[in-house]
Amino acid sequence: MAEVVVVPDAQAAGALVADTLVALIRRKADAVLGLATGSTPLATYRALAERVRAEQLDVSAVRGFALDEYVGLPAGHPESYRAVITREVVEPLGLNPRLVQVPSGDPATITHAGADYEAAIAAAGGIDLQILGIGRSGHIGFNEPGSSLASRTRIKTLTEATRIDNARFFASIEDVPTHCITQGIGTILAARHLVLLAFGDSKAAAVAAAVEGPVSASQPGSAIQLHPHVTVIVDAPAGSQLGQLAYYEHAWAHKPAWQGI
Ligand code: GLP
């Protein structure tokens, strides 16, 4: 089962994940990170950037793969996930931009962009640690409900609910793309360690369904139950609908410190 860790807030989650990421990079200088966008992982990226600076960690060989991208936004659009990953991850951490890839949402190459991305991840030797958020609909990456649990990187149609949620980043809902390209659920499950973050009560139902619900394509987050090494880090509101909360807290409180997450 997933390990569930309840933390006070996103900053505490960020500190915990940054510890793991620093240890990973010290162990493997060319570690391959799976990078989520959205607001959820921002505190983690900030915590890691702080650690990199404070400890003068060499990240020059660290590689990264974003989870997803919109289809059809003009190159350089500030809300393209390429721009977000550059702004929130590559620049603050000082990563080599050539080593950080984002799936291409260019309509001209979309027919083979998914297969190209899969080939690039395979050539990198796979993803060591995949950071995940979760949408209110239960989506991970942009794998909306109904996505095949074996899916690989491909084009998807966004649900109206996701377009409405993401309209806050655009001038209006009409400006939110209708399609995206996303790592598939099968792609995500191939990463060696999954770290799913969720904060706030709007995520409580999706977190409970992902961790404790039946494994179902209708709840894409539930696919994490098929993975042998998953860490779910939530604040109390996001964890409030978990039935086994007391057990998770007991297990975390009694975990040997050397195990990490
Ligand atoms: C977005 C992204 C997901 C993200 C999710 C939650 O649509 N494609 O990768 O996890 O929705 O976003 P947020 O973290 O802003 O709540």
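Here are a few friendly questions and answers about this predicted model.

Q: How are the axes of helix α2 and helix α3 oriented to one another, roughly parallel or roughly antiparallel?
A: Helix α2 covers residues 42-54 and helix α3 covers residues 81-93. Their axes come within 9 Å and cross at roughly 10°. Angles under 35 degrees count as roughly parallel. Therefore α2 and α3 are roughly parallel.

Q: Which residues come nearest to the ligand?
A: Let's turn to the ligand and its surroundings. There are 13 residues around the ligand. Those that come nearest are S39, T40, D68, F142 and K203.

Q: Which residue places a polar side-chain atom 2.7 Å from an oxygen atom of the ligand?
A: D68 has a polar side-chain atom 2.9 Å from a ligand atom, but that atom is a nitrogen. G141 also lies by a ligand nitrogen, with a backbone N or O atom at 3.3 Å. The residue with a polar side-chain atom 2.7 Å from a ligand oxygen is K203.

Q: What share of the ligand's exposed area does the protein bury?
A: Taken alone, the ligand exposes 390 Å². Of that area, the protein buries 93%.

How values were computed. Residues are numbered from 1 along each chain as its sequence is written. This is a predicted model: local features need pLDDT of at least 70, side-chain atom pairs count only at pLDDT 80 or more; totals for chains, interfaces and linings use all residues. Side-chain values use heavy atoms; hydrogens and water are left out. Axes are lines fitted to C-alpha atoms, for helices over the stretch in contact, and angles run from 0 to 180 degrees between N-to-C directions. Helices (H or I, at least four residues) and strands (E, at least two) are DSSP runs, numbered from the N terminus. Angles under 35 degrees count as roughly parallel, over 145 as roughly antiparallel, 65 to 115 as roughly perpendicular and the rest as oblique. A residue is near a molecule or strand if one of its heavy atoms lies within 4 Å of it. A polar contact is a pair of N or O atoms within 3.5 Å; within protein, one must be able to donate a hydrogen and the other to accept it, and residues adjacent in sequence count only if both atoms are side-chain atoms. Accessible areas come from the Shrake-Rupley method with a 1.4 Å probe; for residues, only the protein chains shown count as cover.
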